[in-house]
Amino acid sequence: MKKTFGIILMLVIFIFLNGAESRKARNILESFEFTAISCREHSASITEFGGVGDGVTPNTKAFQDAVNHLSQFGSDGGAHLHVPAGKWLTGSFNLTSHFTLYLHKDAVILASQDLNEYPLIDPLPSYGRGRDTSGGRYASLIFGTNLTDVVVTGDNGTIDGQGESWWQQFHEGTLQYTRPYLIEIMFSNNIQISNLTLLNSPSWNVHPIYSSNILVQGLTIIAPVRSPNTDGINPDSCTNTRIEDCYIVSGDDCVAVKSGWDQYGITFGMPTKQLIIRRLTCISPSSATIALGSEMSGGIQDVRAEDITAVNTESGVRIKTGIGRGGYVKDIYVKRMTMHTMKWVFWITGNYGSHADNNYDPNAFPVVEGINYRDMVADNVSMAGSLQGISGDPFTGICISNVTIGMAVNHKKLIWNCTDVAGTARGVSPSPCDSLVDQGLENTESCAFPEDVLSIDTVEIKRCSSTV
């Protein structure tokens with residue numbers, strides 16, 4: 001009897017252990033929830049397409065094969081591609097419509113260092129040339145064009161651009177083409193990029209262009225503060241964009257609003273408008289928290305920024321333009337901004353150079369008007385404001401209200417410097433230049449912030465679940 005019992009016990013243990021090993025060998029189904037503008041009916045993992053997350057094996061083909069396969073479900077509820085924990089080395093790959101790319105919290109997409117993994121594409125039509133060189137440009141790591149309903153998100157998974165080699169080529173002047181961005185989506189609509197960590201981009205991090213209805217949320221973007229042109233988020237010739245709850249440490253502007261360069265941007269004629277920026281934290285010692293321009297030749301209008309924090313950053317909101325740009329920057333509204341250790345709080349530059357080529361129109365003067373700042377506090381500031389318009393083309397309608405600036409111990413002797421500008425001020429300390437006429441404390445409507453609701457603020461966010 002004891003012998004029989006022992007045999008049975010051994011058999012049970014064998015079956016249990018064998019079952020455990022079998023479960024290890026299979027892909028365990030994993031369920032997770034997230035929020036997105038669209039949920040999907042179909043899902044797959046990158047491992048199903050040969051992906052290997054060891055940080056060494058190239059996965060460019062796996063990513064593109066996965067996207068190509070899942071594109072067939074665009075008219076059948078869309079598809080979701082899951083990137084599990086691991087380090088996934090890849091070059092550039094294209095997205096598709098009605099598609100979600102989701103990164104597990106321990107997933108890292110590593111950008112390949114092999115230039116052959118980045119196809120060459122034409123310069124942007126509103127720029128006329130590459131930003132780094134006069135020729136074409138490398139496709140972005142994650143790229144899409146002519147798409148609708150695209151989500152790039154995760155549980156704070158990481159995309160690492162491994163940009164050091166690109167930065168070195170830039171400094172050495174050995175680049176043959178313009179560097180790739182981390183994420184670029186163009187000629188598209190209904191886009192969400194959210195809940196990710198972006199590291200060490202070769203150049204710009206997030207670049208939606210010629211697109212509409214864009215939601216950028218919950219991004220952590222980090223690059224060395226001396227890395228070249230590592231802008232955080234650059235909405236470019238876009239309509240209805242919402243950027244919120246982002247933390248950015250950058251070698252360039254944390255958010256740079258653009259719309260084309262000189263005669264190319266004027267001809268293309270697509271402005272950036274109806275842009276919301278909320279709850280942004282920025283660290284950028286050599287650039288702006290929010291920059292408008294310098295490539296603004298298609299126009300920038302109706303930008304609403306609120307609840308912004310800047311630390312050890314060159315300037316708060318900077319407008320960059322110049323003769324030859326044309327276009328306009330108007331109806332800009334900023335409120336509730338807190339700044340610590342700044343070179344400038346307010347900086348408007350009308351003599352910005354850097355032309356696409358020598359064929360720009362010297363009679364193309366930009367229009368800058370309706371610039372509104374209110375409810376701001378800053379400390380340890382070197383210079384309160386430098387507002388420089390263009391002779392014969394003054395920048396008008398500048399309004400600054402309820403602003404307190406604490407100057408640094410070794411601040412510049414000239415606290416405000418204003419030329420070729422006109423506007424008003426109310427409750428500003430230290431007192432601004434005479435070209436900003438004091439309206440008195442009784443004028444409570446000064447620098448009013450719009451109260452109407454933009455359509456991007458009414459986008460419905462859904463709670464999605466997926467199993468892979």
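Ala, Val, Leu, Ile, Met, Phe, Trp, Tyr, Cys and Pro count here as nonpolar, Asp, Glu, Lys and Arg as charged, and the others, Gly among them, as polar. On that basis, the lining of the largest cavity has 4 nonpolar, 1 polar and 3 charged residues. The model is predicted.

The count comes to 1 cavity of 30 Å³ or more. The volume of the largest cavity is about 40 Å³. Its lining is made up of L124, Y127, R129, G130, R131, R137, Y181 and W204.

The largest pocket was examined next. Its volume is about 260 Å³. A total of 18 residues line this pocket. R131, D252, D253, K320 and Y352 lie nearest its centre. By class, the pocket lining has 9 charged, 6 polar and 3 nonpolar residues. R131 is named in the lining of the largest cavity and among the residues nearest the centre of the largest pocket.

The largest nonpolar core holds 94 residues. Within this core, I159, L219, I233, I277, F346 and W416 touch the most other members. Strand β26, spanning residues 328-349, gives the most to the core, with 9 residues. Residues up to four places away in sequence aside, F346 touches V317, Y373, M376, A384, G385, S386, L387, I400, V403, I405 and W416. Another core, of 10 residues, lies apart from the largest one. Among its members are L124, F143, W204 and I209. L124 and W204 also line the largest cavity.

How values were computed: Residues numbered from 1 in each chain as written. Predicted model: local features only at pLDDT ≥ 70, side-chain atom pairs only at ≥ 80, totals over all residues. Heavy atoms only, no water. 1 Å grid on protein atoms, 1.4 Å probe; cavity = no way out; pocket = protein on both sides within 12 Å on 5 of 7 lines; lining within 4 Å. Points joined across faces, edges and corners; volume = space filled by probe spheres on them. Core = buried A, V, L, I, M, F, W, Y, C linked by side-chain atoms within 4.5 Å. Buried < 20%, exposed > 50% of the residue type's maximum accessible area, 1.4 Å probe, protein only. Helix = DSSP H or I, 4+ residues; strand = E, 2+ residues; numbered from the N terminus. Contact = heavy atoms within 4.5 Å.
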